[in-house]
Amino acid sequence: MSVLSDRDIIRELGRGILFHPLKPGSINACDLCLTASEYAYTIEQKQRLTIETEPKKDKPGEKQQFFYIPPRDTALVWTDESIWLNNYMCGLINSRVGLVSQGLGHLGTRVNPSWSGVLCIALHNVSNEPLRINVRDINEPIAYLMVQRLSSQSSKSGNIDIPARLDILSELPNTNEIYAFFNQRKNKWMSDDKVLLKKLLVESHEYIKLKSGFSDIFLRVLGSDEQTRWTAVAAIGTILSAFFAALPLFIVRK
(Lines give C-alpha, C1' and ligand atoms only; values in the text may rest on other atoms or scores of the structure.)
Protein backbone atom coordinates (compact mmCIF):
# COMPACT_ATOMS: atom_id res chain seq x y z
CA MET A 1 0.00 0.00 0.00
CA SER A 2 1.32 3.46 -0.87
CA VAL A 3 0.14 7.04 -0.29
CA LEU A 4 -0.57 9.15 -3.38
CA SER A 5 1.36 12.40 -3.78
CA ASP A 6 -0.17 15.55 -5.27
CA ARG A 7 1.17 14.54 -8.69
CA ASP A 8 -0.34 11.07 -8.33
CA ILE A 9 -3.70 12.59 -7.38
CA ILE A 10 -3.69 14.93 -10.38
CA ARG A 11 -2.74 12.04 -12.65
CA GLU A 12 -5.61 9.92 -11.32
CA LEU A 13 -8.25 12.68 -11.42
CA GLY A 14 -10.92 11.76 -13.95
CA ARG A 15 -9.80 8.10 -13.93
CA GLY A 16 -9.28 6.40 -10.58
CA ILE A 17 -10.38 9.42 -8.55
CA LEU A 18 -13.37 11.71 -9.02
CA PHE A 19 -13.53 14.79 -6.76
CA HIS A 20 -15.98 17.67 -7.15
CA PRO A 21 -16.11 20.58 -6.65
CA LEU A 22 -12.37 20.91 -7.13
CA LYS A 23 -11.25 24.23 -5.65
CA PRO A 24 -7.94 26.11 -5.97
CA GLY A 25 -5.92 24.65 -3.11
CA SER A 26 -7.96 21.43 -2.78
CA ILE A 27 -4.86 19.31 -3.45
CA ASN A 28 -2.02 19.39 -0.93
CA ALA A 29 1.32 17.58 -1.04
CA CYS A 30 -0.27 14.23 -0.25
CA ASP A 31 -3.98 14.74 0.46
CA LEU A 32 -7.23 16.44 -0.50
CA CYS A 33 -8.95 19.16 1.54
CA LEU A 34 -12.49 18.45 2.71
CA THR A 35 -14.65 21.48 3.45
CA ALA A 36 -18.00 21.73 5.23
CA SER A 37 -21.24 22.11 3.34
CA GLU A 38 -24.16 24.06 4.80
CA TYR A 39 -25.70 20.78 5.95
CA ALA A 40 -24.84 19.82 9.53
CA TYR A 41 -26.93 18.09 12.20
CA THR A 42 -26.46 18.27 15.97
CA ILE A 43 -26.87 14.99 17.84
CA GLU A 44 -27.62 16.57 21.23
CA GLN A 45 -30.18 19.11 20.01
CA LYS A 46 -31.48 16.76 17.30
CA GLN A 47 -31.84 19.37 14.57
CA ARG A 48 -30.02 20.91 11.65
CA LEU A 49 -27.50 23.56 12.70
CA THR A 50 -28.36 27.17 11.82
CA ILE A 51 -26.30 28.75 9.04
CA GLU A 52 -25.07 32.30 9.68
CA THR A 53 -23.51 34.75 7.22
CA GLU A 54 -21.05 37.64 7.45
CA PRO A 55 -18.85 39.62 5.00
CA LYS A 56 -15.45 38.06 4.32
CA LYS A 57 -12.62 39.93 6.04
CA ASP A 58 -10.35 39.89 2.97
CA LYS A 59 -13.22 40.32 0.47
CA PRO A 60 -15.97 42.55 1.97
CA GLY A 61 -18.08 42.20 -1.18
CA GLU A 62 -18.38 38.43 -0.65
CA LYS A 63 -20.22 36.51 2.07
CA GLN A 64 -18.88 33.78 4.33
CA GLN A 65 -21.32 31.19 5.65
CA PHE A 66 -20.62 29.44 8.95
CA PHE A 67 -22.25 27.53 11.80
CA TYR A 68 -21.39 26.72 15.39
CA ILE A 69 -21.11 23.28 16.95
CA PRO A 70 -22.57 23.63 20.47
CA PRO A 71 -20.36 22.87 23.50
CA ARG A 72 -20.07 19.19 24.42
CA ASP A 73 -22.03 18.17 21.33
CA THR A 74 -21.40 16.11 18.21
CA ALA A 75 -22.30 17.40 14.76
CA LEU A 76 -22.75 15.31 11.65
CA VAL A 77 -21.25 17.45 8.89
CA TRP A 78 -21.61 16.61 5.21
CA THR A 79 -18.70 17.64 3.02
CA ASP A 80 -19.12 20.06 0.16
CA GLU A 81 -17.04 17.69 -1.97
CA SER A 82 -18.18 14.39 -3.42
CA ILE A 83 -15.61 11.70 -4.12
CA TRP A 84 -15.38 8.39 -5.95
CA LEU A 85 -12.46 5.98 -5.63
CA ASN A 86 -11.92 2.94 -7.82
CA ASN A 87 -11.38 -0.48 -6.24
CA TYR A 88 -7.60 -0.10 -6.27
CA MET A 89 -7.75 2.76 -3.76
CA CYS A 90 -8.99 3.67 -0.31
CA GLY A 91 -8.87 6.84 1.77
CA LEU A 92 -7.91 7.85 5.30
CA ILE A 93 -9.57 10.92 6.85
CA ASN A 94 -7.38 12.90 9.25
CA SER A 95 -8.09 15.75 11.65
CA ARG A 96 -7.03 19.33 11.09
CA VAL A 97 -4.66 20.41 13.86
CA GLY A 98 -6.04 23.97 13.98
CA LEU A 99 -9.55 22.75 14.83
CA VAL A 100 -8.33 20.11 17.29
CA SER A 101 -6.39 22.78 19.18
CA GLN A 102 -9.66 24.74 19.59
CA GLY A 103 -11.48 21.82 21.17
CA LEU A 104 -12.50 19.56 18.30
CA GLY A 105 -12.09 15.90 19.17
CA HIS A 106 -9.57 13.99 17.09
CA LEU A 107 -11.20 12.03 14.29
CA GLY A 108 -10.08 9.14 12.17
CA THR A 109 -12.12 7.14 9.71
CA ARG A 110 -11.79 5.70 6.22
CA VAL A 111 -13.19 5.83 2.71
CA ASN A 112 -13.70 2.36 1.28
CA PRO A 113 -12.68 1.29 -2.23
CA SER A 114 -15.45 2.07 -4.78
CA TRP A 115 -17.06 4.63 -2.46
CA SER A 116 -19.12 7.27 -4.24
CA GLY A 117 -20.70 10.36 -2.71
CA VAL A 118 -20.20 13.15 -0.22
CA LEU A 119 -18.78 12.20 3.17
CA CYS A 120 -20.57 12.48 6.49
CA ILE A 121 -17.99 13.38 9.15
CA ALA A 122 -18.76 13.39 12.86
CA LEU A 123 -17.14 16.38 14.56
CA HIS A 124 -17.02 16.30 18.36
CA ASN A 125 -16.80 19.60 20.24
CA VAL A 126 -15.25 18.49 23.54
CA SER A 127 -14.79 22.07 24.78
CA ASN A 128 -17.14 24.25 26.83
CA GLU A 129 -17.40 26.88 24.07
CA PRO A 130 -19.22 26.89 20.70
CA LEU A 131 -16.86 25.91 17.87
CA ARG A 132 -17.16 27.81 14.61
CA ILE A 133 -17.01 25.93 11.29
CA ASN A 134 -16.78 27.87 8.03
CA VAL A 135 -18.71 26.60 5.01
CA ARG A 136 -16.83 25.86 1.76
CA ASP A 137 -13.69 27.49 3.11
CA ILE A 138 -10.62 25.90 1.50
CA ASN A 139 -8.39 27.82 3.93
CA GLU A 140 -10.18 26.20 6.88
CA PRO A 141 -11.11 22.65 5.84
CA ILE A 142 -12.71 20.35 8.39
CA ALA A 143 -10.45 17.38 7.54
CA TYR A 144 -7.90 15.98 5.10
CA LEU A 145 -8.35 12.93 2.88
CA MET A 146 -5.20 10.89 2.27
CA VAL A 147 -5.64 8.55 -0.72
CA GLN A 148 -3.83 5.21 -0.64
CA ARG A 149 -3.21 2.76 -3.45
CA LEU A 150 -3.92 -0.84 -2.47
CA SER A 151 -1.38 -3.60 -3.10
CA SER A 152 -4.12 -5.58 -4.85
CA GLN A 153 -7.60 -4.94 -6.24
CA SER A 154 -10.47 -4.92 -3.76
CA SER A 155 -13.26 -7.43 -4.35
CA LYS A 156 -15.84 -4.67 -3.76
CA SER A 157 -17.14 -2.95 -6.89
CA GLY A 158 -19.70 -0.61 -5.32
CA ASN A 159 -20.57 1.28 -2.14
CA ILE A 160 -20.42 -0.92 0.95
CA ASP A 161 -22.31 1.75 2.91
CA ILE A 162 -25.31 3.95 2.02
CA PRO A 163 -24.18 6.93 -0.11
CA ALA A 164 -23.74 10.10 1.99
CA ARG A 165 -24.42 7.85 5.04
CA LEU A 166 -27.99 9.09 5.27
CA ASP A 167 -28.80 5.83 7.06
CA ILE A 168 -27.32 7.40 10.20
CA LEU A 169 -30.32 9.76 10.28
CA SER A 170 -32.93 6.99 10.11
CA GLU A 171 -33.65 7.02 13.87
CA LEU A 172 -33.30 10.79 14.32
CA PRO A 173 -36.01 13.52 14.17
CA ASN A 174 -36.02 16.74 12.12
CA THR A 175 -34.11 15.29 9.19
CA ASN A 176 -36.57 15.74 6.32
CA GLU A 177 -34.79 18.83 5.01
CA ILE A 178 -31.47 16.98 4.73
CA TYR A 179 -33.06 13.98 3.02
CA ALA A 180 -34.90 16.23 0.58
CA PHE A 181 -31.72 18.06 -0.39
CA PHE A 182 -29.68 14.97 -1.19
CA ASN A 183 -32.57 13.26 -2.97
CA GLN A 184 -33.03 16.06 -5.50
CA ARG A 185 -32.30 14.80 -9.00
CA LYS A 186 -29.80 17.59 -9.69
CA ASN A 187 -27.85 16.56 -6.57
CA LYS A 188 -27.43 12.89 -7.46
CA TRP A 189 -23.72 13.50 -8.05
CA MET A 190 -23.53 13.90 -4.28
CA SER A 191 -24.64 10.32 -3.71
CA ASP A 192 -24.51 7.64 -6.38
CA ASP A 193 -24.34 9.16 -9.88
CA LYS A 194 -20.69 8.65 -10.90
CA VAL A 195 -21.40 9.60 -14.52
CA LEU A 196 -22.68 13.04 -13.53
CA LEU A 197 -19.89 13.40 -10.96
CA LYS A 198 -17.26 12.77 -13.63
CA LYS A 199 -18.93 15.15 -16.08
CA LEU A 200 -18.97 17.97 -13.53
CA LEU A 201 -15.33 17.33 -12.65
CA VAL A 202 -13.81 17.15 -16.14
CA GLU A 203 -15.75 20.19 -17.32
CA SER A 204 -14.69 22.32 -14.35
CA HIS A 205 -12.22 25.17 -14.80
CA GLU A 206 -9.93 23.98 -12.00
CA TYR A 207 -9.67 20.44 -13.44
CA ILE A 208 -8.83 21.74 -16.92
CA LYS A 209 -6.22 24.10 -15.45
CA LEU A 210 -4.64 21.36 -13.34
CA LYS A 211 -4.47 18.85 -16.18
CA SER A 212 -3.08 21.48 -18.55
CA GLY A 213 -0.38 22.41 -16.05
CA PHE A 214 0.48 18.75 -15.51
CA SER A 215 0.84 18.23 -19.28
CA ASP A 216 3.03 21.34 -19.55
CA ILE A 217 5.45 19.93 -16.97
CA PHE A 218 5.77 16.71 -18.95
CA LEU A 219 6.32 18.61 -22.20
CA ARG A 220 8.99 20.80 -20.63
CA VAL A 221 10.86 17.65 -19.61
CA LEU A 222 10.77 16.45 -23.22
CA GLY A 223 11.92 19.80 -24.64
CA SER A 224 10.48 23.02 -26.04
CA ASP A 225 10.76 22.12 -29.72
CA GLU A 226 8.01 19.89 -31.13
CA GLN A 227 10.44 17.81 -33.22
CA THR A 228 12.65 17.34 -30.15
CA ARG A 229 9.63 16.10 -28.20
CA TRP A 230 8.72 13.53 -30.84
CA THR A 231 12.34 12.39 -30.97
CA ALA A 232 12.39 12.01 -27.19
CA VAL A 233 9.12 10.05 -27.20
CA ALA A 234 10.45 7.77 -29.94
CA ALA A 235 13.67 7.23 -27.99
CA ILE A 236 11.75 6.35 -24.84
CA GLY A 237 9.62 3.91 -26.85
CA THR A 238 12.72 2.27 -28.32
CA ILE A 239 14.31 1.87 -24.88
CA LEU A 240 11.14 0.34 -23.42
CA SER A 241 10.77 -2.05 -26.37
CA ALA A 242 14.38 -3.19 -25.99
CA PHE A 243 13.92 -3.67 -22.26
CA PHE A 244 10.81 -5.85 -22.60
CA ALA A 245 12.39 -7.79 -25.45
CA ALA A 246 15.45 -8.58 -23.32
CA LEU A 247 13.49 -9.33 -20.14
CA PRO A 248 12.83 -13.05 -20.99
CA LEU A 249 16.57 -13.59 -21.46
CA PHE A 250 17.34 -12.33 -17.95
CA ILE A 251 14.57 -14.51 -16.51
CA VAL A 252 15.87 -17.63 -18.27
CA ARG A 253 19.46 -17.01 -17.15
CA LYS A 254 18.36 -16.54 -13.59
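Alanine 164 is a clear case, buried with a relative accessible area of 0%.

Before going on, a note on what we have here. This is a predicted model, in which local features need pLDDT of at least 70 and side-chain atom pairs count only at pLDDT 80 or more, while totals for chains, interfaces and linings use all residues. Residues are numbered from 1 along each chain as its sequence is written, and side-chain values use heavy atoms, with hydrogens and water left out.

Back to alanine 164. Its phi is near 65 degrees, a positive value in a residue other than glycine. You'll find alanine 164 in the loop between E13 and helix H3 (176-183); helices (H or I, at least four residues) and strands (E, at least two) are DSSP runs, numbered from the N terminus. Arginine 136 also has a positive phi, of about 50 degrees, and is not a glycine. That residue sits in the loop between E12 and strand E13 (143-149), and arginine 136 counts as partly exposed because its relative accessibility is 37%. Why point these out? Most residues other than glycine have a negative phi, and most peptide bonds are trans.

On that last point, histidine 20 and proline 21 are joined by a cis peptide bond, with omega about 0 degrees. Proline 21 belongs to the loop between E2 and strand E3 (32-34), while His20 is part of strand E2 itself (residues 17-20). Is E2 covered or open on its two faces? Covered on both: Ile17 and Phe19 are buried on one side, and Leu18 and His20 on the other. E2 runs antiparallel to strand E8 (residues 73-85), with four bridges joining them; two strands pair if DSSP finds at least two bridges between them. Across that pairing, isoleucine 17 stands opposite leucine 85.

Now to a sheet. E6, E7 and E12, in that order, form an open antiparallel sheet. E6 and E12 are at the edges with a single partner strand each, so one side of each has no neighbour in the sheet. E6 pairs with strand E7 (residues 63-69) over four bridges, and glutamate 52 has phenylalanine 66 as its bridge partner in E7.

Next, pockets. On a 1 Å grid over the protein atoms alone, a pocket is an open set of points where a 1.4 Å probe fits, with protein on both sides within 12 Å along at least five of seven lines; lining residues have an atom within 4 Å of a point. The largest pocket holds about 390 Å³, where grid points are joined across faces, edges and corners and a volume is the space filled by probe spheres set on the points.

Finally, cysteines. The structure holds zero disulfides, a disulfide being a pair of cysteine sulfur atoms within 2.5 Å. Cysteine 33 counts as buried at 3% relative accessibility, whereas cysteine 30, at 31%, counts as partly exposed.

Note on methods. Buried means under 20% relative accessible area, exposed over 50%, partly exposed in between (1.4 Å probe, protein chains only).
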